[in-house]
Amino acid sequence: MNHDALFWMNMFWVLACAAAFGSFANVLIYRLPRMLLGMNTNTSHDNPSFNIAVPASFCPQCQHTIQWWHNIPLLSCFGLRGRCAYCHQSIPMRYFWVELGTVLWALLSVWMFGLTWQALSSFVFFYVLWVASWIDALHFLLPDVLNYVLFGMGLVVAMAFAHNGVGVALIDALSGAAFGYVMLWSPYFTYLKWRGIEGLGLGDGKVLAAIGCWQGVVAVPNVLLFACVLALVFGVLMAWSRHQTVATLKIPFGPFISAAAVIQMVLTHSHHLKFFV
């Protein structure tokens with residue numbers, strides 16, 4: 001088998017696996033908040049056995065179990081024209097965007113690092129943040145389980161692969177985690193004591209701690225700065241469109257922390273990209 005054929009075969013499997021993970025991301029985004037918050041979905045599937053694996057994928061509108069050929073990542077959205085095959089209600093476009101975003105990041109990871117452990121770690125880092133960001137955007141919740149998974153994987157990468165340039169050194173990972181948590185815990189505690197209400201959630205501090213574990217203590221201030229700028233721009237635009245003041249808006253901070261961490265990663269490894277000087 002020649003080199004080009006092997007390359008395209010590998011890329012096919014990268015895309016297929018990334019699309020499958022994108023589909024599973026939708027499962028996590030829908031089910032995790034309902035499991036953690038005990039949310040009533042008003043379906044016959046509300047029972048103690050409701051979890052990530054049980055029941056099989058179903059339409060939230062008509063509760064009909066979705067057949068596998070109606071659940072092919074990316075393709076089924078076009079085949080069904082964005083509607084359930086049984087009740088013909090619209091399927092939220094976020095399902096498509098979640099899958100597409102997962103695939104695009106997999107392509108970018110391979111483009112930056114090739115078919116290496118570093119590309120895999122980059123994909124895992126983004127994937128957990130991607131799922132957490134959607135949950136926070138929809139429910140103002142950053143599940144501890146995702147933060148702990150991201151933190152744990154960051155420690156594994158630091159211990160196992162730092163000498164290969166994949167992650168940061170273990171001491172830097174631990175320092176970054178501690179610094180990241182303190183950077184957001186301090187304003188959380190100060191605002192709580194001053195106003196008697198929460199201005200930030202502790203989940204924001206945990207996700208920044210997990211990011212610090214992956215990217216090291218030096219990256220934490222950059223990530224927080226990028227996140228604040230992104231959140232401020234978004235808040236101003238949202239307030240302008242809704243004719244409100246920024247102070248009256250309730251904005252989830254997790255997606256902006258995640259976006260800032262991705263920006264920091266791309267800038268850190270910009271020498272791998274051909275369009276960066």
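I started in helix α4, where Phe126 and Trp130 both lie, 4 residues apart, about one turn of the helix. The model is predicted, so I treat what follows as computed. I looked up burial for Phe126: relative accessibility is 9%, so Phe126 counts as buried. I also found Phe126 in an aromatic cluster with Trp105, Trp130 and Trp134.

Next I checked the ring pairs. I count 12 aromatic pairs in the structure. One of them is Phe21 with Phe123: the centres are 6.0 Å apart and the planes are at 75°, so I log the pair as edge-to-face. Phe21 lies in helix α1 (residues 3-37) and Phe123 in helix α4, so this pair ties together parts 102 residues apart in sequence. Phe123 is buried at 11% relative accessibility. Phe21 is partly exposed, at 41%. Phe126 and Trp130 also pair, and I log them as stacked, with 5.3 Å between centres and 25° between planes.

Then I looked for charges over rings. The charged end of Arg34 sits over the ring of Tyr30, 3.8 Å from its centre. Lys250 lies over the face of Phe140, 4.7 Å from the ring centre.

I went back to helix α4 (residues 117-139) for Ser122. Ser122 is buried, at 2% relative accessibility. Beyond its neighbours within four places in sequence, Ser122 contacts Trp105, Ser109, Met112, Phe113 and Met265.

Last, I checked Val218, in the loop between α7 (202-215) and α8 (219-242). Val218 is exposed, at 66% relative accessibility.

Key. Residues numbered from 1 in each chain as written. Predicted model: local features only at pLDDT ≥ 70, side-chain atom pairs only at ≥ 80, totals over all residues. Heavy atoms only, no water. Helix = DSSP H or I, 4+ residues; strand = E, 2+ residues; numbered from the N terminus. Buried < 20%, exposed > 50% of the residue type's maximum accessible area, 1.4 Å probe, protein only. Contact = heavy atoms within 4.5 Å. Phe/Tyr/Trp six-rings, centres within 6.5 Å; stacked < 30°, edge-to-face > 60°. Lys NZ or Arg CZ within 6 Å of the ring centre and 35° of its normal.
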